[in-house]
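Colleague: I would like to go through this model term by term. Tell me what each label rests on.

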Amino acid sequence: MEMIRQKWESAKIFRQIKSAWEEVRKSAAAGETIEQQDEKLCAFLALFLRPIRQLDELGGSDGADGEMDVVLPSSVALTPIYGDCTEYRDEILVMIERRLDLEKLSETVGSSALTVLAVIFRDAKYLDELAKNTDHLQRLLLLLQRLTLLSHRTMLLEILTLVVSSPAAFSELSSFGYFRTLASLLHTDNPHSEFTWEVLSSVHNTISVLQSNVYGHWDAAKKNDGKSEASGRGGAG
């Protein structure tokens with residue numbers, strides 16, 4: 001019975017999320033004001049994050065607004081809960097960029113939208129796709145420079161830190177000036193702020209991942225060399 005109840009709840013949440021997203025699209029297509037669109041968008045973002053908040057193992061704490069802070073898992077499989085999230089991922093990024101263009105990105109919308117993106121990119125499927133998408137990588141890095149609130153920058157930096165764990169993505173971001181951007185942000189930020197520590201942590205984590213990848217390649221190369229030598233000796237015998 002419990003399994004049936006959980007499946008029914010999942011199906012209900014899925015329908016609610018799809019319905020809320022349709023309202024977001026209708027609002028934009030109708031040319032409503034950003035404020036009116038934000039009402040629909042906030043409703044969708046809250047619904048999207050509800051299953052994450054409800055996962056028992058995540059815990060969480062009460063935030064300043066009385067709602068539980070979202071404690072994101074290190075990884076999550078989204079398809080069983082949300083279906084395909086490609087459209088959400090692409091359109092939410094566009095919505096953030098558009099609001100920045102109009103100088104109308106509110107703290108609430110920015111925080112919720114970036115949190116949803118962070119959830120999506122914790123699914124290996126979407127993280128792998130991002131690592132191979134030069135356009136999205138470049139736009140995210142540009143977004144890091146454009147965001148003005150430190151809380152928004154911190155959330156986006158967490159996403160980029162996930163992405164650079166991929167050697168291919170690291171190479172692309174480096175060519176776009178990833179570390180130069182971080183250095184620039186450090187230069188303009190309060191050296192004792194939370195964001196400064198997030199930047200330093202990101203650099204540290206990136207270096208650790210790169211070292212791990214290098215050592216992994218070395219170990220694999222040594223094993224292959226060992227197999228080749230053993231095979232050679234066997235053939236000579």
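Modeller: Start with a cut-off: buried means under 20% relative accessible area, and exposed means over 50%. Partly exposed is what lies in between. Note also that the model is predicted.

Colleague: Which residues of helix α6 are buried?

Modeller: Helix α6 covers residues 124-131, and its buried residues are Tyr126, Leu127, Leu130 and Ala131.

Colleague: Why do you say that the buried residues of α6 line one face?

Modeller: Look down the axis of α6: the buried residues fall within an arc of 140°, so they line one face of the helix. The general point is that an α-helix has 3.6 residues a turn, so residues three or four places apart point the same way.

Colleague: What do the buried residues of α6 pack against?

Modeller: They pack against α4 (86-101), α5 (107-120), α7 (134-146), α8 (150-163) and α9 (167-175).

Colleague: What makes Asp123 a cap of α6?

Modeller: A side-chain oxygen of Asp123 lies 2.9 Å from the backbone nitrogen of Lys125. A polar contact needs N or O atoms within 3.5 Å, so the 2.9 Å pair qualifies. The capped end is the N-terminal end of α6.

Colleague: Why is the pair Arg89 and Glu129 called a salt bridge?

Modeller: The closest N and O atoms of Arg89 and Glu129 are 2.7 Å apart. The cut-off is 4 Å between a side-chain nitrogen of Lys or Arg and a carboxyl oxygen of Asp or Glu. The pair therefore counts as a salt bridge. Arg89 lies in helix α4 and Glu129 in helix α6, so the pair ties together parts that are 40 residues apart in sequence.

Colleague: Are Arg89 and Glu129 buried or partly exposed?

Modeller: Arg89 has a relative accessible area of 9% and is buried. Glu129 has 32% and is partly exposed.

Colleague: How do you know that Arg139 and Asp135 form a salt bridge?

Modeller: Their closest N and O atoms are 3.2 Å apart, and the limit is 4 Å. Arg139 and Asp135 are 4 residues apart in helix α7, which means about one helical turn separates them. Asp135 is partly exposed, at 43% relative accessibility. Elsewhere, salt bridges that share partners join Asp84, Arg89, Asp90, Lys125 and Glu129 into one network.

Colleague: What is the N to O distance for Arg25 and Glu22?

Modeller: It is 3.6 Å, and the side chains meet in a salt bridge. Arg25 and Glu22 are 3 residues apart in helix α1 (residues 2-29), about one helical turn. Arg25 is partly exposed at 42%, and Glu22 is partly exposed at 35%. The structure holds 13 salt bridges.

Colleague: Why does Asp38 count as buried?

Modeller: Its relative accessibility is 11%, and the cut-off is under 20%. So Asp38 is buried. Asp38 sits in helix α2 (residues 34-54).

Colleague: Which residues does Asp38 contact beyond its neighbours within four places in sequence?

Modeller: Arg99, Lys104, Ser106 and Val109. The side chains of Asp38 and Arg99 are joined by a polar contact of 2.8 Å. Lys104 is 66 residues from Asp38 along the chain, with 9.9 Å between the C-alpha atoms.

Colleague: How many disulfides does a search of the whole structure find?

Modeller: It finds 0. Cys42 is partly exposed, with a relative accessible area of 28%. Cys85 is at 0%, so Cys85 counts as buried.

Colleague: How many helices and strands are in the protein?

Modeller: There are 11 helices and 0 strands. Buried residues make up 36% of the 237 residues. Of the contacts with a separation of 6 or more, 69% join residues 24 or more positions apart.

How values were computed
Residues numbered from 1 in each chain as written. Predicted model: local features only at pLDDT ≥ 70, side-chain atom pairs only at ≥ 80, totals over all residues. Heavy atoms only, no water. Buried < 20%, exposed > 50% of the residue type's maximum accessible area, 1.4 Å probe, protein only. Helix = DSSP H or I, 4+ residues; strand = E, 2+ residues; numbered from the N terminus. Arc of directions from axis to C-beta. Contact = heavy atoms within 4.5 Å. Polar contact = N/O pair within 3.5 Å; in protein donor to acceptor, adjacent residues only side chain to side chain. Disulfide = S-S within 2.5 Å.
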